[in-house]
2 protein chains.
Amino acid sequence: MIGQLNHVAIAVPDLEAAAADYRETLGAKVSDPVPQPDHGVTVVFVELPNTKIELLHPLGEKSPIQAFLDKNPSGGIHHVCYEVEDILSARDVLKGQGKRVLGDGNPKIGAHGKPVLFLHPKDFTGTLVELEQA
Amino acid sequence: MIGQLNHVAIAVPDLEAAAADYRETLGAKVSDPVPQPDHGVTVVFVELPNTKIELLHPLGEKSPIQAFLDKNPSGGIHHVCYEVEDILSARDVLKGQGKRVLGDGNPKIGAHGKPVLFLHPKDFTGTLVELEQA
């Protein structure tokens with residue numbers, strides 16, 4: 001079912017400092033900050049040859065990553081995103097196996113303009129998993 | 001400096017259950033458990049088309065992931081590993097920028113038979129970063 005690792009998302013308390021770590025210290029190709037008000041985050045994309053790292057910082061008052069940063073004030077790895085060919089079929093297979101889809105169970109349009117779903121971390125050994133239609 | 005994302009490591013309290021999640025539920029290619037007594041872990045490798053997920057479970061009494069699982073009993077994403085062409089040169093550049101290398105500062109032979117180093121999470125916005133010679 002899952003294909004490529006689309007990205008690893010890292011929640012950070014200081015987006016500029018984190019971007020500098022990746023751009024200057026680790027020498028990676030790093031984007032400017034991209035505000036994504038619909039998702040409650042500002043994102044810096046780190047492009048690696050085989051996948052992406054996304055540095056996430058809260059945007060607005062109801063950011064979905066604020067609680068994570070409250071628990072992990074230094075920041076930390078927030079989720080992994082796997083690509084699937086057909087997100088509705090993937091959702092139905094997962095639900096049939098008793099896995100919980102977050103929210104109302106319907107895909108939303110994610111940060112890359114494609115449908116995404118999040119799966120309950122307790123159903124995947126503590127890892128928040130995002131699925132994105134490839 | 002950094003090249004490909006070599007792997008994402010996820011610490012799990014139940015290796016069999018986590019392997020089943022990836023093999024059966026997510027339909028990925030999953031290895032048998034590989035005990036790595038030198039590293040204090042048993043590893044299940046999940047092969048994705050562009051990178052790997054490594055499911056880690058403590059092995060022995062001084063496992064380096066036991067403290068993480070004590071704090072995160074459901075499991076969670078433990079570290080990311082980036083490839084570098086020359087690990088000694090990478091180490092020296094990082095140390096020159098004030099970044100802390102864990103342990104005695106010398107690379108050890110990692111799970112893939114190549115030299116690796118770990119960098120202090122507090123120097124990388126809360127993320128434990130492993131560097132592996134490509």
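A residue is called buried here when its relative accessible area is under 20%, with only the protein chains taken into account. Keep that cut-off in mind while touring this predicted model, and begin by selecting chain A, where buried residues make up 51% of the 134 residues.

With chain A coloured by secondary structure, trace the three helices and nine strands, which follow one another from the N terminus as β-α-β-β-β-β-α-β-α-β-β-β. The radius of gyration of chain A is 15 Å, close to the 14 Å that the globule rule gives for 134 residues, so chain A is as compact as a globular protein of that length. Turning the view along the principal axes, you will find the C-alpha atoms of chain A in a box of roughly 45 × 30 × 25 Å. Among the contacts in chain A with a separation of 6 or more, 51% join residues 24 or more positions apart.

Next, show the surface of chain A, which exposes about 6200 Å², with 50% of that area supplied by carbon and sulfur atoms. If you then select the charged side chains, the 12 positive and 18 negative charges of chain A have mean positions 8 Å apart.

Now move to the interior. In soluble globular proteins, nonpolar side chains tend to be buried together. The largest nonpolar core in this model has 60 residues, and Tyr82(A) and Tyr82(B) are those with the most contacts inside it.

Finally, centre on Tyr82(A): which residues is it in contact with, leaving aside its neighbours within four places in sequence? From chain A they include Ile2(A), Leu5(A), Val129(A) and Leu131(A), while Tyr22(B), Leu26(B), Leu48(B) and Ile53(B) are in contact with Tyr82(A) from chain B.

How values were computed: Residues numbered from 1 in each chain as written. Chains lettered and ligands numbered in written order. Predicted model: local features only at pLDDT ≥ 70, side-chain atom pairs only at ≥ 80, totals over all residues. Heavy atoms only, no water. Helix = DSSP H or I, 4+ residues; strand = E, 2+ residues; numbered from the N terminus. Rg over C-alpha atoms; globule rule 2.2 N^0.38 Å. Buried < 20%, exposed > 50% of the residue type's maximum accessible area, 1.4 Å probe, protein only. Contact = heavy atoms within 4.5 Å. Areas by Shrake-Rupley, 256 points an atom, 1.4 Å probe, with all protein chains shown as cover. Lys, Arg positive; Asp, Glu negative; His and termini not counted. Charge placed at Lys NZ, Arg CZ, Asp CG, Glu CD. Core = buried A, V, L, I, M, F, W, Y, C linked by side-chain atoms within 4.5 Å.
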